[in-house]
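Good morning, and thank you for coming.

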Amino acid sequence: VMIRFRLKEAIADKSFKERRHITISEIAEQTGLNRSTLSKVAGVPGYNCTTDVIDKLCKYFGCQVSDLMEHISE
């Protein structure tokens with residue numbers, strides 16, 4: 001069982017809606033999260049992060065947890 005983060009998709013959606021390029025650095029600055037944490041969430045399958053990280057990302061993207069994560073059965 002694995003949790004898949006949809007951070008790259010969330011970034012792409014927000015970029016499209018706002019008609020601008022959004023970077024990991026910008027998200028880090030706006031949320032107070034470390035760039036390396038965001039990079040791991042975006043690119044490491046099964047990365048384990050805290051609920052604080054998820055909460056800050058939900059606030060930044062204005063979304064629900066289910067918009068950022070999905071459960072993948074093996």
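Predicted model: local features only at pLDDT ≥ 70, side-chain atom pairs only at ≥ 80, totals over all residues.

Let me begin with a question: in which loop does Arg19 lie? Arg19 lies in the loop between helix 1 and helix 2, the latter being residues 24–31. Helices here are DSSP runs of H or I with at least four residues, strands are runs of E with at least two, and both are numbered from the N terminus. Arg19 has a positive phi of about 55° although it is not a glycine. Is Arg19 buried or exposed? With a relative accessibility of 78%, Arg19 counts as exposed. Buried means under 20% relative accessible area, exposed means over 50%, and partly exposed is in between, with a 1.4 Å probe and protein chains only.

Residues are numbered from 1 along each chain as its sequence is written, and side-chain values use heavy atoms, with hydrogens and water left out.

Now to the chain as a whole. The protein chain has five helices and two strands, and along the sequence they follow the pattern β-α-α-α-α-α-β. The radius of gyration of the protein chain is 12 Å, close to the 11 Å that the globule rule gives for 74 residues, so the chain is as compact as a globular protein of that length. That radius is taken over C-alpha atoms, and the globule rule is 2.2 Å times the number of residues to the power 0.38. Along its principal axes, the C-alpha trace spans about 35 × 25 × 20 Å.

How much of the chain is buried? Of its 74 residues, 34% count as buried. The accessible surface of the protein chain comes to about 5000 Å², and 50% of this belongs to carbon and sulfur atoms. Such areas come from the Shrake-Rupley method with a 1.4 Å probe, and for residues only the protein chains shown count as cover. As for contacts, meaning heavy atoms within 4.5 Å, consider those between residues at least 6 apart in sequence: 59% of them join residues at least 24 apart.

Next, I turn to the aromatic rings. The structure holds one aromatic pair. Tyr60 and Phe61 form this pair, which is edge-to-face, with 4.9 Å from centre to centre and 90° between the planes. By definition, rings of Phe, Tyr and Trp (its six-membered ring) pair if their centres lie within 6.5 Å; planes under 30 degrees apart count as stacked, over 60 as edge-to-face and the rest as tilted. Tyr60 counts as buried, at 14% relative accessibility, and Phe61 is buried as well, with a relative accessible area of 15%.

Which residues does Lys14 contact, if we leave aside its neighbours within four places in sequence? Lys14 is in contact with Ile22, Tyr60 and Phe61. Lys14 is found in helix 1, which covers residues 7–18, and Lys14 is buried, with a relative accessible area of 16%. Ala10 is found in helix 1 too, and at 12% relative accessibility Ala10 counts as buried. Not counting residues up to four places away in sequence, Ala10 touches Phe61 and Leu68.

Let us move on to helix 3, residues 35–43, where Thr37 has its place. Thr37 counts as buried, at 18% relative accessibility. Beyond the residues up to four places away in sequence, Thr37 touches Tyr47 and Val53. Lys40 also lies in helix 3, but Lys40 is partly exposed, with a relative accessible area of 38%. The C-alpha atoms of Lys40 and Phe5 are separated by 9.8 Å, although these residues are 35 apart along the chain.

Finally, Val65 lies in helix 5, residues 65–68. Among residues beyond four places away in sequence, Val65 touches Ile54 and Cys58.

Thank you for your attention.
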